[in-house]
Amino acid sequence: MEAGANTMTAPVKGLSKQMTTVTFLMGIFMGALDHGIVGPALSSIMAAYGIETSWGVWSFTIYTLLFAVSIPVMGKLSDRFGRKQTFTTGITLFAAGSVLAAFAPSFPLFLLGRAIQAIGTGGIFPITAAQIAMSYPPEKRGRMLGLIGVVFGVGTIMGPIFGGLIIAQAAWRWIFLINVPISIIILALISTLRQTQQLMKKPIDVAGILLLTVTILTLMLGITMKNSMLILVSLVLVPVLVLVEKKAKDPVVQVAYFQKANTLVLLLTSMVSGFVMASATNLLPFFAESVLGMEKGASGFSVTPLAIASMVASLAGGFMVDKIGAKKVLLLGFAISAAGALSLAFMVDSLALFMASLLVLGFGVGIIIGAPLNVMMLGAVDPSQTGTAVGYLSLLRSLGSTMGPALAGLLIVLLPNGFTVLFAISAVASAISIMLVLLFSKAKAQRA
């Protein structure tokens, strides 16, 4: 029997299960909304602080880096102090960071606000997945986890729209201040939640947290800036981190996840899913402009079919997980993603085919980043490690998402057929993921 298959959090009092789910999903929506709402305000922010574009992009870079760092740490702390407490901390930090970003008198302080926001988000996304998974029985877990993808998709689509409306009608600072009333509502609701949870009463792994933070920062920064020296430093730190964590009483890095075939395969698959998602989607507007001749104003809407298909697929994939099992659904998602990527690479010569290919790719991506991986991971670890396990899935996906655009930009600059090669690589990555999932099944069978 899978570990934790029939183990759930103790009954919740003070706030119904349904309202608890809604409250946690509100955090997902707020985080997704903020991710997209900043884009339309970037030029206004740069003008306000008198900075150039090279510095302006750090509004996003610092957020991505600190979010990646905070994911495993917040996940671990949720197993140590409780999901409610960690989620509350995440929302509070996100609100505080939003206020600082809105009223920062200088750009460095603005970046500090974005950094605090990112750390707070690390206490929202993976904690929500763990909370929902442990609140519902296995036969309903998939469909409920699928709601995360739907809410995230809605927030992602609405972010740029809201951002544009706010910039047109008010000062750019309101794109951050809008987070404050939402945060207050979430905190008011979550304060009524009384929940018991199996906690780990062991010393906090301070050395591990610091070393993990430096390792992730150097790796993500090295990939983002295409700096081979930083990447090398991060790789050198990995064995040091492993040695430190093997001696820790309650390590923030569960080395066993990377030693056992079943969990290692899931982590690698999560990284590939992030790569496929980001490498195939981040430069789609540029593809629409340069290959299909779309106007710049219209090309930004080219990703809409993909986003809508992804939302629908996330919900549908959750239901399918409950009906036919997570492994089959995940295999289906990667197969559909491979088909969509191959179509973009070799078949698109008109706007109609482009939109059709995006629908296919979006449906595959929506399944991949939805419920299946979370369900499979939670079935492979002890229930007391739900926050940690889901956190590492998110971390590896984030790492893959960082690698994707970096490789995409390099291919487009160096090769005349860079887009074809990029989408072909995404298709190959999906095929590799299918093999990894099959290996997971084999490893699981051998363990049994």
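What is the volume of the largest cavity?

## Basis of the model

This is a predicted model, in which local features need pLDDT of at least 70 and side-chain atom pairs count only at pLDDT 80 or more, while totals for chains, interfaces and linings use all residues. Residues are numbered from 1 along each chain as its sequence is written, and side-chain values use heavy atoms, with hydrogens and water left out.

## The cavity

The volume of the largest cavity is about 70 Å³. One cavity of 30 Å³ or more turns up in a search of the whole structure. A cavity here is a set of points, on a 1 Å grid over the protein atoms alone, where a 1.4 Å probe fits but cannot get out; lining residues have an atom within 4 Å of a point. Volume is the space filled by probe spheres set on the points, which are joined across faces, edges and corners.

The lining of the largest cavity includes Lys76, Leu77, Arg80, Pro203, Asp205 and Val252. Helices are DSSP runs (H or I, at least four residues), numbered from the N terminus.

## Lysine 226

Lysine 226 lies in the loop between helix H11 (206-225) and helix H12 (228-247). Its phi is near 55 degrees, a positive value in a residue other than glycine.

Conventions: 1 Å grid on protein atoms, 1.4 Å probe; cavity = no way out; pocket = protein on both sides within 12 Å on 5 of 7 lines; lining within 4 Å. Helix = DSSP H or I, 4+ residues; strand = E, 2+ residues; numbered from the N terminus.
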